[in-house]
Amino acid sequence: MVLFCAAPDMNNPNRMKLKTIALTSLLVAASLTFFDSCSRNSNATKPNNAAKPKGKSDTTAKKTADVAAPTAAAPVTYPPIDHKQYDSLMKKLANGDTTGKWPVKNTPYPIPGAILPYKRVIAFYGNLSAKKMGILGEIPPDEMLAKLRGEAKHWEKADPKTPAQIALHYIAVVASGFPGKDNMYVNRMPDKKIDSAVRLARRAHAILFLDIQVGLSTIHAELPKLAKYWAMPDVHCGIDPEFSMKDGTHPGKKIGTYDAADVNYVSGYLADVVRKNHLPAKIFIVHRFTRKMLTNYQNIKLHPEIQMVMDMDGFGPPDLKTGTYRDYIYKDPVQFTGFKLFYKNDSWQPPHHMLTPEEIMKMYKPHPVYIQYQ
């Protein structure tokens with residue numbers, strides 16, 4: 001989630017700069033904490049018999065809960081990667097770039113079952129329990145899924161040769177304005193909430209991303225807490241450097257940072273999970289909209305089991321977004337690129353216009369293969 005806006009650079013009227021603004025995500029995180037606390041207190045005050053559905057025994061209720069819990073799907077055998085086809089698709093994504101940056105050289109071919117570059121992922125971002133964190137939780141689930149499918153069709157119309165794969169990008173670890181019991185300034189979603197996201201994604205034939213904002217914690221501490229979900233073939237990963245506060249500053253006070261070493265820890269961990277569980281390749285999203293959000297990008301290690309996407313995670317008018325994509329995504333090639341669109345924030349300033357799929361396909365080198373709406 002991004003907390004910046006555009007402001008004129010008085011020294012150069014043709015450029016714009018970024019500035020941190022309202023801590024929307026922190027306020028929402030606080031409300032989530034309050035909501036969970038109230039739910040627990042409310043349940044605690046109910047008589048025991050009020051918590052039991054009429055006509056059902058404890059055993060029946062337990063069986064229902066067991067059935068409802070999502071599990072990893074059975075292993076699937078995928079056809080081997082056609083290297084010639086893969087190279088052709090990667091060249092197409094480069095969109096005519098002649099600098100030699102794109103497609104990125106010496107990247108590994110993915111293991112069978114890889115989604116990229118065969119499909120373009122179209123994702124809705126947010127938290128199902130919060131209306132102010134993104135479109136994912138802003139409107140009722142069925143309405144949200146219909147809107148998501150509509151965006152996917154729009155992208156397929158703009159690029160008929162690339163099928164769209166819909167996705168839910170769910171913030172599972174939310175940076176918080178309150179320290180919490182462990183003073184880490186994070187609000188971790190309980191399993192029951194994440195399970196709901198898994199079930200919703202599967203019902204919609206979507207893939208699911210679990211996004212992590214570590215606050216004063218670390219990615220080494222937070223990633224393993226979601227181990228059971230990483231073992232699922234349809235669950236992928238996103239990390240947000242903006243809320244990685246390595247110097248102890250509270251989240252939202254300034255923009256945080258990750259180093260290539262942090263990124264390598266995540267990709268290495270996930271690659272091990274893929275190998276041990278015989279899974280298809282996982283997509284790994286790293287959000288970025290400033291230089292310092294990701295240091296030593298050139299030291300990032302790639303794995304056949306992991307498809308790395310650098311996601312341009314910034315809002316503002318088209319010119320600002322174009323400059324951010326150029327400076328922090330195009331110029332620092334890793335593997336794949338992503339692009340974020342904001343239904344509201346992209347239209348705050350003139351020309352009050354959110355970029356369309358057709359405009360992005362025409363303007364951007366390389367073409368983003370992951371599109372996120374907030």
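Let me begin in strand S13, where isoleucine 371 is the bridge partner of phenylalanine 339; helices (H or I, at least four residues) and strands (E, at least two) are DSSP runs numbered from the N terminus. What we are looking at is a predicted model, in which local features need pLDDT of at least 70 and side-chain atom pairs count only at pLDDT 80 or more, while totals for chains, interfaces and linings use all residues. Residues are numbered from 1 along each chain as its sequence is written, and side-chain values use heavy atoms, leaving out hydrogens and water.

Strand S12 (residues 336–341) runs parallel to S13, joined to it by four bridges, and strands count as paired if DSSP finds at least two bridges between them. Strand S3 (residues 120–126) is also parallel to S13, again with four bridges, and here isoleucine 122 stands opposite isoleucine 371.

Which way do the side chains of S13 point? Tyr370 and Gln372 point one way, Ile371 and Tyr373 the other, and all are buried, meaning under 20% relative accessible area, where exposed is over 50% and partly exposed lies in between (1.4 Å probe, protein chains only). In a regular strand, side chains alternate between the two faces of the sheet.

Turning to the loop between S12 and helix H11, we find aspartate 346 there, which is buried, with a relative accessible area of 1%. Its neighbours, leaving out residues up to four places away in sequence, include Gly314, Phe315, Lys321 and His353, where contact means heavy atoms within 4.5 Å. A polar atom of the aspartate 346 side chain lies 3.1 Å from the backbone nitrogen of glycine 316.

Key:
A polar contact is a pair of N or O atoms within 3.5 Å; within protein, one must be able to donate a hydrogen and the other to accept it, and residues adjacent in sequence count only if both atoms are side-chain atoms.
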